[in-house]
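This report describes the fold, the core, the backbone and the confidence of one protein model. The sequence and the structure are shown first.

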Amino acid sequence: MRRVSSRNIYFLLLCLCLLIFCGCGKKQVETTTEEMTTEEPATTEALETVTLKDAEIGDIVQMGTYEQDGDAETEDPICWDVLDKDGNAVLLISHDVIAYQRFSDNLKCVIWEDSQIRSWLNQEFYAEAFDEEEQASIRETTLENPSTVGFAAHVDPSGDVQVRESRPDTKDKIFLLSWKEAEQYYGNRLTDASVLGRRPSRAVLQKRKAIFTDLIIEELPAMYPYSRHLPDGTERLPWMLRSTGMKDYTILVIGYEGKWDQDYPDSYNGVRPVMWVNVGDWCQREQEAVDTRVIWNRHIGEIQQTISYR
């Protein structure tokens, strides 16, 4: 019997170790690749912004912060489109869909003045997104709430509008566009997807996925498998207007296709907050803050210099 030398044994063991190591490395690479491909698509884009005091219609500005990237530890500035100007005030709408809410918990509540989303925007969102200086610059606006009859007249003349009368004016700091305002800034009939279609933030996509998962597990019957499909909303997600719909118990939304649509008020939809901001007040407070920092820095420098002399 031929005897195997210790050198050959060492060589075989070395080859075996290399094979095991390479196999583990390959598996790790495959796992990492799989994790990368299943990660949610990024929903942020590099935007060119201008300062609020220099903003013109069509520009993008930053003001306030709100959770958008899915990481609660970071502060995410809100980007706003400048829709209009009125003297020293500008009308802003969030550039993307930055929240995911219901118009109302009640299926029959389709009126802005009574809606849950109105309360949420002017209380929770207002308090969370803006500091005291920013809040002071947001104008309380008197809003007209026209009937949807005028909109139906040129988009669906044969339709029967449920709420035919206009609703009383409301006063709000944060609001949603009405159909009339949306047509004013985005064109008649609300069908231009290039300006109406908006992407959701990563945080919105995460919330949407979680809500839908709970919904299909708890509420949708197994006999309707087609109801378990969640439409892709990474590029466009429906967002609410504050106007009633034309069918019973519906509101107007900008839908998946980037044009007007209708949905039930207790359905979740995207939110693009709107507000008028007094730029003069904002710039004055910014300058006062800068002046205060300059004075404090000067005092600190004088104190440090005095200490050094001693």
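Accessible areas here come from the Shrake-Rupley method with a 1.4 Å probe. On that basis, the accessible surface of the protein comes to about 18,700 Å², and carbon and sulfur atoms account for 51% of this surface. The model is a predicted one, and its values should be read accordingly.

**Overall architecture**

The protein has 8 helices and 12 strands. Its chain holds 310 residues, of which 38% count as buried. Among contacts between residues at least 6 apart in sequence, 69% join residues at least 24 apart.

**The nonpolar core**

The largest nonpolar core has 61 residues. Those with the most contacts inside this core are Trp-80, Leu-92, Ile-117, Leu-121, Phe-125, Phe-130 and Met-275. Helix α2, which spans residues 116–129, supplies the largest share of the core, with 6 residues.

Phe-125 may be considered in more detail. Leaving aside residues up to four places away in sequence, Phe-125 touches the aromatic residues Tyr-66, Trp-80, Trp-120 and Phe-130. Its contacts also include Ile-78, Ile-98, Ile-174 and Pro-273. Two of these partners, Trp-80 and Phe-130, are themselves listed among the residues with the most contacts inside the core.

**Backbone with positive phi**

Most residues other than glycine have a negative phi. Arg-189 and Tyr-249 have positive values instead, as set out below.

**Confidence of the model**

The mean pLDDT of the protein is 82, and 72% of its residues reach 70 or more. Over residues 19–44 the pLDDT is below 50, and this stretch has 14 contacts in the model beyond near neighbours in sequence. The pLDDT is also below 50 over residues 223–227, a stretch with 2 contacts beyond near neighbours in sequence. Where pLDDT is low, the predicted coordinates should not be read in detail.

Terms used
Residues numbered from 1 in each chain as written. Predicted model: local features only at pLDDT ≥ 70, side-chain atom pairs only at ≥ 80, totals over all residues. Heavy atoms only, no water. Helix = DSSP H or I, 4+ residues; strand = E, 2+ residues; numbered from the N terminus. Buried < 20%, exposed > 50% of the residue type's maximum accessible area, 1.4 Å probe, protein only. Contact = heavy atoms within 4.5 Å. Core = buried A, V, L, I, M, F, W, Y, C linked by side-chain atoms within 4.5 Å. pLDDT = per-residue confidence, 0-100.
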